[in-house]
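Welcome! Take a moment to look over the structure below, and then we will walk through a helix pair and a sheet together.

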Amino acid sequence: MSGAAPDSTAAPSRALDLSQLSVRELNAALHEAEDGRWEVLDPVGKHAIAAGLDAELEVEIAGNVGYYCAGMNKRATVRVKGNCGVGVAENIMSGKVAIEGDASQAAGASGHGGLLVIEGNAAARCGISLKGADIVVRGSIGHMSAFMAQRGRIVVCGDAGAALGDSIYEARIYVRGEVAGLGADCVAKEMRPEHLEELAELLAEAGIEDAQPSEFSRYGSARRLYNFNVDDAGEY
Amino acid sequence: MGSRLDACHADAAMCGIVGIYAKSDACERHLGAHAAAMLVEMADRGPDSAGVAIYRDPAPEGHSKLCLQSADSAGWDDAVTAIDTGIGVVEARRVGERHALVETPVGAEEARDWVERELPDVAIDSAGRIIEIYKDAISPAEFVSRFSLAEMSGTHALGHTRMATESRVTPAGSHPFSTGLDLCLVHNGSLSNHNRLRDELRREGIGFRTRNDSEVAAAYLTWRLRQGATLEGALEGCLEDLDGFYTFAVGTAEGFAVLRDPISCKPAVMAECDDWVAIASEYRALATLPGAADAEVWEPEPGVVYSWGTVAVA
């Protein structure tokens, strides 16, 4: 926001007002931009705000947003000063998306790279089918989170809902609080030094200073579903 | 659509739900306008049909209000005369072409049973002392204007915008569904076991007007409530007996309740401030309400019954 710039050399932000512009016009303006700081006003829960960005922009959204905010994000930094609907940062490729409030279901779904930070809670299916992005949640996450997650890290400072990491591949999950239940083939794993190290890095990157890596447990794949066991043929 | 698809599962697969419960006099005065704004905002989720249940202007003790719908708009005068002769009419008001609100000097159960028996061509959208249900197979914007929703006052209201997937787009297939006197249901989702459940409920004496899965959910609640379950108990029974996806909002004379299935694929957002409590499928509908930006906003947990007002049902 202009006037509150942390860096006095930074250019003032340009405001784009969704009470004046359609989401299509807003996104077209952001897609044309190559850099700079942008403020999105009056989002009132509209869908697909700041989706498909592919430049080193800093975008701040002043309020609650609807579905698929910052979806497919590349390189840009997007901050939402409110809550998000379904699928925030869905398929994020790189860059950073930060949510000051809560996120609805499927936050960061199938993200390939970059960082999603949720200051509040995330609902069901957080990080479903994650493919390499990192997700840090200061609060708790809902059921079926990290379902079939293939790569990337999910850090949860609160609790995790039922069926965490069901059918997980090689993503790593760190939870500080209680886990309501683990999904098929997801197990608690030993915290080795390299895990404490990467967790410390992720917490620092997310700006979380009041959680210690040693307070977390690690969860991941038992790798029992990777190959078909002929003894299980009767189950199908 | 063909009858095969009609019999097939799933309805209300997309759809929008809205609900508002007034906590202040100012909000009660403008309740219809608030419900209308939310409903129109949810038009993208359900352009095929729209409906509301609004709770207002209670009939005097011993009297009842019936919301009636008839395909034959020319026959209204005869129908009202027949009701007047049969049980009496205190006041009858045509609402649009196909709808009428009739106040009778007898209890709601008696009035409903009489119309059901004597006027089989007239559909009873709602019966009770307080509830009024209006619904039709028209767009939400058209609905709001045809029924002058924005001019209504009331204590609380539930609304629905329907995107029909597999059962017919008809006024009877629109929501809200009546689930008993002063009770109604709106549904977003789809049920898989509704055919078997419909057969079971028929054997329990519950009547059906459509092949719609949401009507089965409404009938299930009706049946449980008739058996003496509390509203919360009846809703908790859904978690056991209904197979499928749902966000339900149930209206009662005093308030409303919300339940999402344990998987919770179907969205719901709630918000509360000093003036109101509201639910909608998406936040953007809540954002139309005054004070929404500063309201407490949260997503209802899966499998948990939320209720406002005194929802205990006698």
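Let's begin where two helices touch: Tyr220(B), Leu221(B), Arg224(B) and Leu225(B) of helix 8 of chain B meet residues of helix 9 of chain B, among them Leu231(B), Ala234(B) and Cys238(B). Contact here means heavy atoms within 4.5 Å. This is a predicted model, in which local features need pLDDT of at least 70 and side-chain atom pairs count only at pLDDT 80 or more, while totals for chains, interfaces and linings use all residues. Residues are numbered from 1 along each chain as its sequence is written, chains are lettered from A and ligands numbered from 1 in the order in which they are written, and side-chain values use heavy atoms, leaving out hydrogens and water.

- By class, the contact of helix 8 with helix 9 of chain B has seven nonpolar residues, two polar and two charged. Ala, Val, Leu, Ile, Met, Phe, Trp, Tyr, Cys and Pro count as nonpolar, Asp, Glu, Lys and Arg as charged, and the others, Gly among them, as polar.
- The axes of helix 8 (residues 213-226) and helix 9 (residues 231-241) of chain B come within 9 Å and cross at roughly 130°. Axes are lines fitted to C-alpha atoms, for helices over the stretch in contact, and angles run from 0 to 180 degrees between N-to-C directions.

- In chain B, four strands form an open antiparallel sheet in the order 4-5-3-6. Strands are DSSP runs (E, at least two residues), and helices are runs of H or I with at least four, numbered from the N terminus.
- Strand 4 (91-95) and strand 6 (123-128) of chain B are the edge strands, each pairing on one side only. Two strands pair if DSSP finds at least two bridges between them.
- Six bridges join strand 3 (residues 64-69) to strand 5 (residues 99-104) of chain B, and Leu66(B) stands opposite Val102(B) in strand 5 of chain B.
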